[in-house]
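Dear colleague,

Please find the structure below, followed by a short account of what was found in it.

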Amino acid sequence: MINIVSVGSSSSGNSYIIMTESRTVLVDAGLPAKTIIGALEHLGTDPADVDAVLITHEHVDHVKSVRAISRKCCNAFFYASRGTVESTPNFCHVPQERIVLLSAGEIVRIDNDDDMDIPPSLRDRLKNRKKKN
């Protein structure tokens with residue numbers, strides 16, 4: 001089952017939470033971090049358990065809280081295009097090893113570990129992260 005929750009969507013900020021049985025993905029971080037974290041906690045999810053944050057593009061209503069979300073969602077990988085990362089000052093606060101650059105048309109499936117269709121370098125980082133936990 002997939003649950004999609006709109007935390008908020010307007011010209012002042014956008015953020016969605018996508019939850020499966022094994023994954024939690026945040027799409028955009030344009031709302032205040034307190035609002036996003038509150039929504040995660042209301043859904044029973046510890047922010048540290050968020051697997052991925054997908055930033056769709058660099059407009060402020062999609063990236064405003066990238067810095068704070070990277071601290072709170074401390075285990076999440078951040079997926080974005082090179083242009084988005086390079087034009088968003090808040091990305092300088094996200095550890096490089098947690099940034100995954102996506103190319104146009106690239107497909108990344110995030111469901112369960114056995115079926116994850118991800119680049120080999122990211123798969124290695126995920127395995128190393130699990131060994132540490």
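By about how many helical turns are Glu86 and Arg82 separated in helix H4? The separation is about one helical turn, because Glu86 and Arg82 are 4 residues apart in helix H4 (residues 82–87). Helices here are DSSP runs of H or I with at least four residues, and strands are runs of E with at least two, numbered from the N terminus.

Please note that this is a predicted model, in which local features need pLDDT of at least 70, side-chain atom pairs count only at pLDDT 80 or more, and totals for chains, interfaces and linings use all residues. Residues are numbered from 1 along each chain as its sequence is written, and side-chain values use heavy atoms, with hydrogens and water left out.

Salt bridges

The whole structure contains 2 salt bridges (a side-chain nitrogen of Lys or Arg within 4 Å of a carboxyl oxygen of Asp or Glu). In one, Asp51 pairs with Arg23, with the closest N and O atoms 3.2 Å apart. This pair links distant parts of the chain, 28 residues apart: Asp51 lies in the loop between helix H1 (33–42) and strand S4 (52–54), and Arg23 in the loop between S2 and strand S3 (24–27). Asp51 and Arg23 are both buried (under 20% relative accessible area; exposed is over 50%, partly exposed in between, with a 1.4 Å probe and protein chains only).

Glu86 forms a salt bridge with Arg82, and their closest N and O atoms are 3.7 Å apart. Glu86 has 60% relative accessibility and therefore counts as exposed.

Strand S2

Tyr16 belongs to strand S2 (residues 13–19). Its relative accessible area is 30%, so Tyr16 is partly exposed.

Kind regards
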